[in-house]
Amino acid sequence: MKSTEDFRRELLEAGLLEDGGVTGLYHRSFHFEAIARGVEAYVSAAGHNEKNRQFFFNQVIARSTLEGSGYLTSFPDLIGVVSSFAGSGSDLPQLIERVNNGGDWNEMMSPTEVALCSAACHPVYPLIAGTTIPIDGLHFEVQAFCFRHEPSDNPARMQSFRQHEFVYVGTPDGALAHRNMWRERGRQLLSELGLSVDVIVANDPFFGRAGKLLEANQRDKELKYELVAPITSEAPGAISSANYHEDHFGETFDLRLPDGSRAHTACIGFGLERIALALLFKHGLTFRDWPANVKAHLSSTHDARLPEST
Amino acid sequence: MSTIDVTIREILDAHARLPESVSNLGDDDDLYDAGLSSHASVNVMLALEDAFDIEFPDSYLRKGTFESVTAIRQSLESLGVTAAPG
């Protein structure tokens, strides 16, 4: 049976991925990227909805978004904040000296106002903070490069990867319905690509003692489902997750329904790199040899992001 | 109502973010059914630890510990709490 290590070596030897210089960082070949973008177009078309507000977010977000999302305190070990040199010209010789002699130049850096994007849906909420959410809810289709500081030799666990999400903001019932509908639609979509998909109750790796309770609650309340399939070995891993956040973002970003109660939110995220890897693991490293129906799904020219008039 | 219950209810009113006042709920009513969210339950947990000067062991960090006023009181009592802080 092929191990993760074997598959990683095959990906690198085939040139689909290149080692990015540190553990868990990869450069993607155009071939790999074409598959990821095929997946993107495929799920985007499936989620086409006139009501969707659509955004490609930056790979960096306002630091205040990281704070407001709660991600900073729930996953402090996974985040990244961008730092920069804030010294004066007279500090420069010291910086040069440290860089040239392998010293701790990072000590001379200060955090900037931006952080690496923690999840594709996080920049959504500041956009509508403090507004009244219509009773039939708001819908978003968004994508971002996200960062997780969890270096691993498993290419399924990249430090920098894309999430393509469909997000709902509205009533508790609406949020649950969105999550459950997408959980099933996601399973169908990914199964149609030939992947062996299971749906499981899951939890995020929350940090610390408070995190233990959050993990237990997340499971007990079935807030998070993962769609799992073999990615880089036969051991299944998450290629998508369908989440109900309750009023967490409604509280922190002051999202209110017309009756004054807090809005609830839900999202499904598709991991574009993980799905591309799962397809390569399942169907082999040569796209032209893949099953015709899978190739057809990923080669669709329909692009729901383009307005009809152009 | 015991002094412990009074303190528990004050903490729930301050931290549970329930749509209705805790005074409308019975001791055995399910707080999660009443709208206690996962994140709010963490704030309740931390406030209880602060008020009663205890630390919930890891085995208590689960949904059932905080599911009702009665459940919270029983958890506190099993950790040696006999009265509200003076």
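In this predicted model, Thr7(B), Ile11(B), Leu12(B), Ala14(B) and His15(B) in α1(B) meet Ala40(B), Asn43(B), Val44(B), Ala47(B), Leu48(B) and Ala51(B) in α2(B). Contact here requires that the C-beta atoms of two residues, placed from the backbone, lie within 7 Å. By class, the residues of this contact comprise 8 nonpolar, 3 polar and no charged. Ala, Val, Leu, Ile, Met, Phe, Trp, Tyr, Cys and Pro count as nonpolar, Asp, Glu, Lys and Arg as charged, and the others, Gly among them, as polar.

Residues are numbered from 1 along each chain as its sequence is written, while chains are lettered from A and ligands numbered from 1 in the order in which they are written. Because the model is predicted, local features need pLDDT of at least 70 and side-chain atom pairs count only at pLDDT 80 or more, whereas totals for chains, interfaces and linings use all residues. Helices (H or I, at least four residues) and strands (E, at least two) are DSSP runs, numbered from the N terminus.

**Confidence**

The predictor assigns the complex an ipTM of 0.90 and a pTM of 0.92. The mean pLDDT of chain B is 93, with 99% of its residues at 70 or more; pLDDT is the predictor's confidence in each residue, from 0 to 100. Within chain B, confidence is lowest in helix α2 (residues 38-52), at a mean of 94, and highest in α3(B), at 96.

**Helix packing**

Two packed helices are described by the angle between their axes and the distance between the axes. Axes are lines fitted to C-alpha atoms, for helices over the stretch in contact, and angles run from 0 to 180 degrees between N-to-C directions. The helix pairs are set out below.

| Helix pair | Angle | Axis distance |
|---|---|---|
| α1(B) and α2(B) | about 140° | 9 Å |
| α1(B) and α3(B) | roughly 120° | within 10 Å |
| α8(A) and α2(B) | about 140° | 9 Å |

Angles under 35 degrees count as roughly parallel, over 145 as roughly antiparallel, 65 to 115 as roughly perpendicular and the rest as oblique. The crossing of α1(B) and α2(B) is right-handed; a crossing is left-handed if the near helix is turned anticlockwise from the far one by less than a right angle, and right-handed if clockwise.

Helix α1 (residues 3-15) of chain B also crosses helix α3 (residues 69-78) of chain B at roughly 120°, and these two helices are therefore oblique to each other. This crossing of α1(B) and α3(B) is right-handed. Ile4(B), Asp5(B), Ile8(B) and Arg9(B) of α1(B) make the contact with Val69(B), Ile72(B), Arg73(B) and Leu76(B) of α3(B). These residues divide into 5 nonpolar, no polar and 3 charged.

**Between the chains**

In total, 13 residues of chain B are in contact with 17 residues of chain A.

Helix α8 (residues 208-220) of chain A packs against α2(B), and the crossing is right-handed. On α8(A) the contact is made by Ala210(A), Leu213(A), Leu214(A), Asn217(A) and Gln218(A), and on α2(B) by Ser38(B), Ser41(B), Val42(B), Met45(B) and Leu46(B). This contact of α8(A) with α2(B) contains 6 nonpolar, 4 polar and no charged residues.

**Sheets of chain A**

An open sheet of 7 strands in chain A has the order β3-β7-β8-β12-β11-β10-β9, with mixed pairing. Two strands pair if DSSP finds at least two bridges between them. The edge strands are β3 (52-56) and β9 (198-201) of chain A, each pairing on one side only, and the twist averages 25° from one strand to the next. Strands β11 (residues 236-244) and β12 (residues 264-271) of chain A run antiparallel and are joined by 5 bridges; Ala242(A) stands opposite Ile268(A) in β12(A). Helix α10 (residues 272-283) of chain A packs on this sheet and touches β8 (160-170), β10 (224-230), β11 and β12 of chain A, its direction making about 40° with that of β12(A).

Another open sheet of chain A has 3 strands in the order β4-β6-β5, with antiparallel pairing. Strands β4 and β5 of chain A stand at the edges with a single partner strand each, so one side of each is left without a neighbour in the sheet. The twist in this sheet averages 60° from one strand to the next. Strand β4 (residues 60-62) of chain A pairs with β6 (residues 109-116) of chain A over 3 bridges, and Ala62(A) has Val114(A) as its bridge partner. Strand β5 (residues 81-85) of chain A pairs with β6(A) over 4 bridges, where Phe85(A) is partnered by Met109(A).
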